[in-house]
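Here's a quick briefing to read with the model open in your viewer.

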Amino acid sequence: MQFIEKINRIKKAVHSEMDFSDYNATLCRNICNCYSHAIGSTLPIEEIYRIGAICSKKDIAEKYVSVDEIVSLLYEDLRTLNLGIEEYNGDELKNNEYLIKLYIKRYREWLISDYHFIRCDNRGWTEKWRHYKEAVIDEDYYTFFPWEEVGIYKITK
């Protein structure tokens with residue numbers, strides 16, 4: 001499957017209702033990650049689910065150099081998918097909106113080693129770590145070192 005075709009399939013998925021039962025399938029469980037969960041896709045297209053890959057500005061193997069770069073690439077990825085994104089200001093969400101919270105983890109040298117998303121929609125806070133979790137029981141887990149909260153963003157379909 002060509003890159004453009006993959007992006008078009010993901011665009012269609014993120015503008016549809018997310019089918020959480022897809023996580024029952026082994027392929028979806030093994031390939032989808034926190035980023036695919038955050039954007040609302042359960043399509044098993046592994047090489048796309050990395051910040052910056054959707055907009056073709058970051059190769060899958062490249063390291064991130066700053067939080068600003070990650071946030072900038074996140075905005076570009078979501079624009080590529082025709083999703084709105086803005087920092088959340090506490091206003092009431094509409095039916096076509098949901099929240100994502102972005103965390104980063106750093107190496108000892110303070111280089112970015114990983115990121116993680118949790119998502120809040122009409123189901124409450126959910127995440128895709130190794131397995132899908134219906135509710136994030138201990139959201140405070142992410143506030144301790146080495147995870148650093150980067151921001152909460154409102155996504156609009």
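This is a predicted model: local features need pLDDT of at least 70, side-chain atom pairs count only at pLDDT 80 or more; totals for chains, interfaces and linings use all residues.

What follows covers the ground rules, the sheet, the first helix, the core and the salt bridges.

Residues are numbered from 1 along each chain as its sequence is written, and side-chain values use heavy atoms, with hydrogens and water left out. Helices (H or I, at least four residues) and strands (E, at least two) are DSSP runs, numbered from the N terminus.

**The sheet**

- Six strands make up an open sheet, ordered S1-S6-S2-S3-S4-S5, and the pairing is antiparallel; two strands count as paired if DSSP finds at least two bridges between them.
- S1 and strand S5 (132-133) sit at the edges with a single partner strand each, so one side of each has no neighbour in the sheet.
- S2 pairs with S6 in the antiparallel sense over nine bridges, and Glu97 has Thr156 as its bridge partner in S6.
- S2 is also joined to S3 by eight bridges, again antiparallel, with Ile104 opposite Tyr115 in S3.
- S3 and strand S4 (residues 124-128) run antiparallel and are joined by three bridges; Cys120 has Trp125 as its bridge partner in S4.
- How much of S2 is covered? Eight of its 10 residues are buried, where buried means under 20% relative accessible area, exposed over 50%, and partly exposed in between (1.4 Å probe, protein chains only).

**Helix H1**

- H1 spans residues 3-14, 12 residues in total, and reaches 17 Å from its first C-alpha to its last, close to the 16 Å expected at 1.5 Å a residue. That expected span is 1.5 Å times one less than the number of residues.
- Its buried residues are Lys6, Ile7, Ile10, Ala13 and Val14. They fall on the same side of H1 because they cover an arc of only 120° around the axis, the arc being that of the directions from the helix axis to the C-beta atoms.
- As background, an α-helix has 3.6 residues a turn, so residues three or four places apart point the same way.
- Ile4 and Lys12 are exposed on the other side of H1.
- What do the buried residues of H1 pack against? They pack against helix H3 (34-39) and helix H4 (67-80).

**The nonpolar core**

- The largest nonpolar core has 40 residues, and Leu74 and Phe117 touch the most other members. Such a core is a set of buried Ala, Val, Leu, Ile, Met, Phe, Trp, Tyr and Cys residues joined through side-chain atoms within 4.5 Å.
- H1, H3, H4, S2, strand S3 (112-121) and S6 each give two or more residues to this core, and H4 gives the most, with six residues.
- Leaving aside neighbours within four places in sequence, Phe117 has contacts that include Cys34, Tyr35, Ala38, Ile51, Leu74 and Ile100; contact means heavy atoms within 4.5 Å.

**Salt bridges**

- The structure holds 10 salt bridges, each being a side-chain nitrogen of Lys or Arg within 4 Å of a carboxyl oxygen of Asp or Glu.
- Lys58 forms a salt bridge with Glu69, with the closest N and O atoms 2.7 Å apart. Lys58 is in the loop between H3 and H4 while Glu69 is in helix H4, 11 residues apart, and both are buried.
- Lys154 forms a salt bridge with Glu86 at 3.9 Å between the closest N and O atoms.
- Is Lys154 buried or exposed? Lys154 is buried, with a relative accessible area of 6%, and Glu86 is partly exposed at 37%.
- Lys101 forms a salt bridge with Glu149, with the closest N and O atoms 3.9 Å apart. Lys101 lies in strand S2 (residues 97-106) and Glu149 in strand S6, so the pair ties together parts 48 residues apart in sequence.
- Lys101 is buried at 8% relative accessible area, whereas Glu149 is partly exposed at 39%.
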